[in-house]
Amino acid sequence: MTTTHEADASMTAQSDGGPTSDDAEVGASTDRAAAGSGAGRLRRVLSRRDPIAWLLGAVAALVAVVFVVVDLVWNQGTFIAPLDDVYIHLQYGKQLGSGEVFRFNPGDPISTGASSILYSFVLAVGWLLGFSGNGLLGYAVTTGIACTAFATGLTYHLGRRLVGRAVGVWAGVLTAASGPLMWGAASGMEVGLTALLAVAAVYLFVVERPDGRFRWTPVVGVLLALVRPEGMVLAIALIGAMLWTTLGGRRAGETRRPRAALWALLPLIAPIAQYLFYWIATGTFSANGVQSKSLMSDRPTFYIGDFVQRATENLRGAVGFFNGMSGQNYAFPGMLIVFVLGLAYLLVKHRRWRSLAVALAVAFAGIVLSVSTLSTALIHELRYFQPFLPIYIVVTVIGLYAVSRLVARGRFRQAALHLLPAVALLFSLMALPQWAWRFGWEAATIRDTNISVAAWLRGNLPPDAVVGVKDVGAVAYYSERKVVDTIGLTTNGFAEASNHGPGALYEKLRAMPEGERPDYFAVYEQWPGAAMHSFVDTGVFSPHPEMTFELNVPRDSSGWSIVPFDELNVRKANWSLAGTGDAPPVRGDVRDHVNVGSLDSEEAHGYAPQMEQPGVQPYTDLRRQEGVIDSSRYILGGETFRIGNLKPGEDAKLTSRVMVNGIEQFVRVRVDGRAVGVWDLGPNRDAWRTRSFDIPGEFVTRPDAEITLEPVRPLLSPYPEYTSYGYWVTQ
């Protein structure tokens, strides 16, 4: 048996860069003991059966199974996923297994709503094996738990090889007791698979680094880059570490290895292939989720100041969670500081891991920064960050080990080494029941809303009915009805329209072929997605719901719920007035029409609101008046657009449908930059009116012209404030 003094001496030797007995047992993590090829060393490692790793993995699986049991208790013996996004994955997996490659509904165009390409294929395998319905969900949960268990065992091995056995054991224990990680493992999401690939990629780097030749790390890096966009960040960071080691860390007698360096670039194939697929299939490199959730595209007009403010708020929130300064028990207090100490310790005391420490620092910074640019960064239990908790925990335990080296000497050092992680474990164990309770509570919320809606649709609507939805996952998976995702995660082209507001969404829906428009809508009022009251007010939705689903599961003490609404209504659609807003409200030869609120028409006419105050958004809306339904934009300042099909030299009349928000409003009209006159839009707060402005033929010099409407008094308030519905040009 090793005495306390012997163990302390061993740890001391290791901290100074020397080998330990643990390192020798696993085939040498130090350069001096790493004789033989990296492939041979990897085979020796994989051939070992370390009971501690298996025990830790079993504990992690058992904890995750407890989450499943809690879910079953909450839901009368039926497992329900705690997140609607799980069912989006299941639908894509089912479709992929059925031969419908990334088509959310049978016969749909290919869409990019699957945020994990690799996980979709994993679920497709389950479908091909015969799992369907709740069976496929069970397959997904089992896969996630198994992957998390293996990730926990690898976490132990990673900590052991980086520093020593004690670090490895505590890293594994804290991983197995991590509430947020177990939430993700049992959820049915790709969290477990991503966690396994993330830990495996780092572990393989550690195993192969002494040889300076990376054979398997790049291969796992490809899978990591395909499983999540955040995994792509870690994979690219590891490319840098591999190149650093292969080309930069030359020892005596070594030569540079360009072929090995080229192989290290293999993970780049994944993002290149993925985004090329997006472009070929959809015409854009941007996935639907990014179009819908990115702070750079989730509002009509992008303002850099607004973006920086919102991203900074997300960043501060993420830092608070990871530093244990939030009420969600995501980490123990000060954990982020200890994590940074762990990275510093690897940089200073373990020179052979310097490239890895830099890569991890870059990767975690990149992941946090990239996720902070999403409007959903801090919701759904921070699921984007969950897969990287095992690595975060390993480095944190290394930081605790470094602190123990500073605060204790002699026989007290070993005690401090175990005392500090034990305190961290106490925080995890205290939080674990809360996470399990939240898991069941959130699953019950999904059952009370989206699952119930799906069951009602399946039993009450015709089989060929098309349903417009906001939460698309469970409704599509269980209702067996074709769905149109009004938020745009799974239905191409709707993300931008939804972000612009109900007017743009209406125009997108009514532009669909009649047989493809939704016959019913199962929607709620709140964000995400456009508000729905305008559709009811205009009669596009029936004022009397076919069914109303109220949220009966109580919210938590802070008022939060996994769904953003208290009530969801199923309403029948009425498209009888679709397109009535395009009819010209003035006589004459209409040469062109700018349909404000229709993104297609706006793009065709180079339309752009010119808002006088940065940050004010020109959201679209919808209004019905005298049997006409038309979309609009809120304008504070003016507009710019191009009109075409003009007869040069002839007088033209510009007619607007406008509703002034207040007293009489005036705008200056410019044609191709030349001032023509001032247009009186008039006072008409409660209804739209038709207003016309005469453009003399001397200003019509070409078949097309740029029209600019601007404040009469630039810079100074009050600005022209009105609602713009559209423009017609007659000659």
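Visitor: Are Glu442 and Arg438 buried or exposed?

Guide: Buried denotes under 20% relative accessible area, exposed over 50%, and partly exposed the range in between (1.4 Å probe, protein chains only). Glu442 and Arg438 are both buried. The model is predicted: local features require pLDDT of at least 70, side-chain atom pairs count only at pLDDT 80 or more, and totals for chains, interfaces and linings use all residues. Residues are numbered from 1 along each chain as its sequence is written, and side-chain values use heavy atoms, without hydrogens and water.

Visitor: Which residue forms a salt bridge with Glu442?

Guide: A salt bridge places a side-chain nitrogen of Lys or Arg within 4 Å of a carboxyl oxygen of Asp or Glu. Here the partner of Glu442 is Arg438, with the closest N and O atoms 3.9 Å apart. An α-helix has 3.6 residues a turn, so residues three or four places apart point the same way. Glu442 and Arg438 are four residues apart in helix H20, and therefore about one helical turn separates them.

Visitor: Which parts does the pair of Arg702 and Asp672 tie together?

Guide: Their side chains form a salt bridge of 3.2 Å, N to O. Arg702 belongs to the loop between strands E13 (689-695) and E14 (705-711), and Asp672 to the loop between strands E11 (666-671) and E12 (674-680), so the pair links parts 30 residues apart in sequence. Helices (H or I, at least four residues) and strands (E, at least two) are DSSP runs, numbered from the N terminus. Arg702 is partly exposed at 39% relative accessibility, and Asp672 is partly exposed at 28%.

Visitor: How many salt bridges does the structure hold?

Guide: The structure has 23. One of them joins the side chains of Arg228 and Glu230 at 2.8 Å, N to O, and both of these residues are buried.

Visitor: How many residues has the largest nonpolar core?

Guide: A nonpolar core is a set of buried Ala, Val, Leu, Ile, Met, Phe, Trp, Tyr and Cys residues joined through side-chain atoms within 4.5 Å. The largest has 162 residues, and those with the most contacts inside it include Phe67, Tyr87 and Phe385. Helix H20 (residues 411-460) gives the most to this core, with 17 residues. A second, separate core of 26 residues includes Tyr607 and Trp679.

Visitor: How many residues of H7 are buried?

Guide: In H7, 23 of the 29 residues are buried, so the helix is largely enclosed by the rest of the structure. H19 is mostly covered as well, with 16 of its 19 residues buried.
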